[in-house]
Amino acid sequence: MKSIASIFPIMLMVFALACKSQDYNHENYPDARIVFGSGGGFTGMVSTYVLLEDGRIFDKAPTSESFSLLKKGKKSTAKALFLRIAEISQTNEPINIPGNIYYFIEWHSPEGEPYRLTWGDMRNPAPEAVTAFYQTLLDATK
């Protein structure tokens, strides 16, 4: 009887660990993600957000060393945003024209290299589709 009583807690721990699902965050997420934000200016600080396909949004404040979960958005909204960045990547070449203050969108897809858009130079504005999409991403963080 004593041996059964001592095995029970071990079996319970094994069962709990086996049932625990993988908890993905922005750093170990195996699927696509969109990283976006802004930076520069006098201080050079950067604000960064990460949108995952499951709708979670992480943020990293300019003075922080790590990301934290900002909100859990709708999966359907995230899906629409991922479809939109796929369309933008098909119709716009990557952009790398930062200004003193710059904005960026980076699409990480499991199929290939990241697609990155960086803009901010007043003399070379980003296409309207890119800036409108950036605003939509920012709106999703609220």
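**The core and what packs around it**

The largest nonpolar core has 24 residues, and I34, F36, L51 and I105 touch the most other members. A nonpolar core here is a set of buried Ala, Val, Leu, Ile, Met, Phe, Trp, Tyr and Cys residues joined through side-chain atoms within 4.5 Å. Buried means under 20% relative accessible area, exposed means over 50%, and partly exposed is in between, with a 1.4 Å probe and protein chains only. Two or more residues come from each of strand 1 (33-40), strand 2 (45-52), helix 2 (75-91), strand 6 (101-108), strand 7 (115-119) and helix 3 (128-140). Helix 3 gives the most to this core, with six residues. Helices (H or I, at least four residues) and strands (E, at least two) are DSSP runs, numbered from the N terminus.

This is a predicted model: local features need pLDDT of at least 70, side-chain atom pairs count only at pLDDT 80 or more, and totals for chains, interfaces and linings use all residues. Residues are numbered from 1 along each chain as its sequence is written, and side-chain values use heavy atoms, with hydrogens and water left out.

Now take I34. Leaving out residues up to four places away in sequence, I34 touches Y49, V50, L51, L81, F82, I85, I105, E106, W107, F133 and L137. Contact means heavy atoms within 4.5 Å. Another core lies apart from the largest one. That other core has six residues, among them V35, V50, Y102 and F104. In soluble globular proteins, nonpolar side chains tend to be buried together.

Step back to the whole chain. The protein chain holds three helices and seven strands. Along the sequence they follow the pattern α-β-β-β-β-α-β-β-β-α. Of its 142 residues, 35% count as buried. Among contacts between residues at least 6 apart in sequence, 46% join residues at least 24 apart.

Next, the rings. The count comes to five aromatic pairs. Rings of Phe, Tyr and Trp (its six-membered ring) pair if their centres lie within 6.5 Å; planes under 30 degrees apart count as stacked, over 60 as edge-to-face and the rest as tilted. F36 and Y49 form a stacked pair, 5.2 Å centre to centre with 20° between the planes. F36 lies in strand 1 and Y49 in strand 2, so the pair ties together parts that are 13 residues apart in sequence. Both F36 and Y49 are buried. Elsewhere, Y103, W119 and Y134 form one aromatic cluster.

Which residues of helix 2 are buried? They are A78, L81, F82, I85, I88 and S89. They cover an arc of only 120° around the axis, which puts them on the same side of helix 2. The arc is that of the directions from the helix axis to the C-beta atoms. An α-helix has 3.6 residues a turn, so residues three or four places apart point the same way. The face of helix 2 turned away from its buried side carries the exposed residues S76, K79, L83, Q90 and T91. The cover over the buried residues of helix 2 includes strand 1, strand 2, strand 6, strand 7 and helix 3. Helix 2 has 17 residues and reaches 25 Å from its first C-alpha to its last, close to the 24 Å expected at 1.5 Å a residue. That expected span is 1.5 Å times one less than the number of residues.

I88 sits in helix 2. I88 is buried, with a relative accessible area of 1%. Beyond its neighbours within four places in sequence, I88 is in contact with Y115, L117, A129, V130 and F133. I88 and F133 are 45 residues apart along the chain, and their C-alpha atoms are separated by 8.9 Å.

F133 leads on to helix 3. The buried residues of helix 3 are V130, F133, Y134, L137, L138 and A140. Seen down the axis, they fall within an arc of 155°, so they line one face of helix 3. Helix 3 has 13 residues and reaches 18 Å from its first C-alpha to its last, close to the 18 Å expected at 1.5 Å a residue.

Finish at strand 7, where T118 is found. T118 is buried, with a relative accessible area of 6%. Not counting residues up to four places away in sequence, T118 touches I95, N96, I97, P98, Y102, Y103 and F104.
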